[in-house]
Amino acid sequence: MRRDTRPEAVPPVSARPARRRRAPAGTSAEDPPLPDPARVDPDVLLTLLARHGWCRKSRSEGRYSRWTPPDDREPDTSVLVPADRSFEDSADLLEEALGALSRSAVPSAQAILAALLVPGDEIHWRRDTPGVGGAVPWAAEQDLRAAATAMLVAAAKAGRCRAAYFGARLDSYAADFLERVLVVAPGTGAGMLTAYTPAPDDRPAAKTLVRALEAMRDAVDYQRATGRPDAFDDGVLLGVSRELVASVVRLVRGSEGVRITLSWSPAVGAPQGFGDRRLLLEFSPGDLPALEAAVQRLERSEPALEVEVTGAVVRLKRQLPGGSGAVRLRVLSGAEVDEVRVRLDEDAYRAAAEAHLAGVPVRLRGRLERKGGFRKLTEATGLVPVELDEAERERMLKALRAAGTSGD
């Protein structure tokens, strides 16, 4: 099975934030904090136990239910969870349950505690890499992190708008999104990574990732069966992009296969239109030819853009005192990139230099070229300085300082 759309065993409930608390006696100060039992929703805990394969021992619905680890691991471990918080001993039982999970050596116990501490949509990557005794090469772990980062960046950008190839566009937006993503120790060995994306605030990225990866899986199967790659083009409307496909290529290359799962936050609930289904997809080395061809196809299919850019001149360069020269602009508006390079004729270059000395931005029109990641503006025309009032000029200078750029 490559796709798992089974409903969760327990319906989602409203969010309740977790709070750091002192670790129980007998644990070291370096142990991760436990969730505050007073803020743990029993329904959320029940959902997480079922999601991670814990077995419910009590058959009938009642005031409490007892759960044991999956696959009969740690037969002496069990947790008793109240059905709700209305019973007098609910808080004590929840505290005991959390303590039992913290002492358990079952990897899913730590994952459950992490999900209670870090509410959000859980994305998990598993990369099967040849190794020795469960250990994998250092480079393999670096590839996993880099590929997961690229996947989240692609999902964030596609959640904002659709494109076959983004290049440098929306880099700042994606970087802000990554600042809000939290990574937890998977507790399950090498080749694994778990991250939580904020929910519901950043749901567009998670929803887009689900739809796009499913569309990519279908496109790969379609190309392998028919030899036709056009399903990747159709997938762009669902969030497939050159960057997303390239991230899967990096995950798969050098591995024996990868598995990507996304589980919706049980505290927030599944987004509208998704039901309670979760994403579970696998890619194998046999998918690489179709994926690598799609990377090239999607990059070629994205057209150049006609734009009118307003930007601050941060660098000027030319070989001789006269003639044309190259200029770098820090983009203030008109294009979703941070900087563009543009080659100007002698008159336009002189005007750009004067604007730089005067501390004012310039406006010009041109084509934002796909080659180089949409960082180059060609066929530039109509360069003129843009007059700013004092408040606007101060805002521009603050933006430039925040970006860490300076003129030469």
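Thr-77 sits in the loop that runs between β2 (64-68) and β3 (79-82), where helices (H or I, at least four residues) and strands (E, at least two) are DSSP runs numbered from the N terminus. The model is a predicted one, in which local features need pLDDT of at least 70 and side-chain atom pairs count only at pLDDT 80 or more, while totals for chains, interfaces and linings use all residues. Residues are numbered from 1 along each chain as its sequence is written, and side-chain values use heavy atoms, with hydrogens and water left out.

With a relative accessible area of 17%, Thr-77 is buried (buried means under 20% relative accessible area, exposed over 50%, and partly exposed in between, with a 1.4 Å probe and protein chains only). Leaving aside neighbours within four places in sequence, Thr-77 is in contact (heavy atoms within 4.5 Å) with Trp-54, Trp-67, Thr-68 and Pro-69.

Turning to charged pairs, a salt bridge is a side-chain nitrogen of Lys or Arg within 4 Å of a carboxyl oxygen of Asp or Glu, and by this rule the count comes to 20. One of them joins Asp-287 to Arg-217, with the closest N and O atoms 2.9 Å apart. Because Asp-287 lies in the loop between β8 (279-283) and α9 (288-301) and Arg-217 in helix α6 (residues 203-226), this pair ties together parts that are 70 residues apart in sequence. Both Asp-287 and Arg-217 are buried.

Another salt bridge pairs Arg-228 with Asp-230 at 3.3 Å between the closest N and O atoms; Arg-228 is partly exposed at 42% relative accessible area, and Asp-230 is partly exposed at 25%.
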